[in-house]
Structure formats: C-alpha cells, structure tokens
Amino acid sequence: MLPSYCGQIVAFPCPRCGREYKHKTSLQRHLRYYCGKESKYACKYCGHKTNHEIALLAHYLSAHEDFATK
Ligand SMILES: [Zn+2]
Ligand SMILES: [Zn+2]
C-alpha cells in the first residue's frame, strides 16, 4: 500500500507489512526484529503482543502495575 502523496510524507511505512512509523529508526528496528515474526508473547490482560519476554514484562510493569506486583 502506498501512502497518499497529497502532502508531505509524515511517516515511514514498512515495505513488507505497511505499518507506519514516525521515525526511521523505529522502522529499522521493526524490520530488524519484529516484521514478519510472530508475536510469541501476549499480555493476558489487554492482548498486547510482543516478540520478547523482557518487553512483555516491561509492559506488565508499566501498563498493569497493579497486577504485576501482586
Ligand atoms: Zn513490517
Ligand atoms: Zn497489557
């Protein structure tokens, strides 16, 4: 999918899956570590998905602190 060309480009779309990122470094990180890979870990509270256990733990702490500390 191509972005519309009616204005300036405000995002960096992934050439593989079309997800858009505001920063080129974010897109590069996505391509390197995330794109095309299945999300192995999913948050049991909100469904947030990540490929890394560490990232999921960080998510629990930041988004569900009440649950994680029990
Ligand atoms: Zn992608
Ligand atoms: Zn969550």
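I looked up Gln28 and placed it in helix α1, residues 24-34; helices are DSSP runs of H or I with at least four residues, strands are E runs of at least two, and both are numbered from the N terminus. The model is predicted: local features need pLDDT of at least 70, side-chain atom pairs count only at pLDDT 80 or more, and totals for chains, interfaces and linings use all residues. Residues are numbered from 1 along each chain as its sequence is written, while chains are lettered from A and ligands numbered from 1 in the order in which they are written.

I noted Gln28 as exposed because it has 12 C-beta neighbours inside 10 Å. From Gln28 to Phe12, 16 residues away in sequence, I recorded 9.5 Å between C-alpha atoms.

I then turned to Val10, in the segment before β1 (12-13). Val10 has 8 C-beta neighbours inside 10 Å and therefore counts as exposed. Its C-alpha atom is 9.2 Å from that of His23, 13 residues apart along the chain.

Of its 70 residues, 0% are buried.

Finally, I checked the UniProt annotation "domain: C2H2-type", from an unreviewed entry, which covers residues 12-39; UniProt positions follow the numbering used here, feature names are shortened, and annotations may be inferred rather than shown by experiment. Over residues 12-39 I found 39% helix and 14% strand, with the end C-alpha atoms 22 Å apart.

Technical notes
Buried ≥ 20, exposed ≤ 12 C-beta atoms within 10 Å, placed from the backbone.
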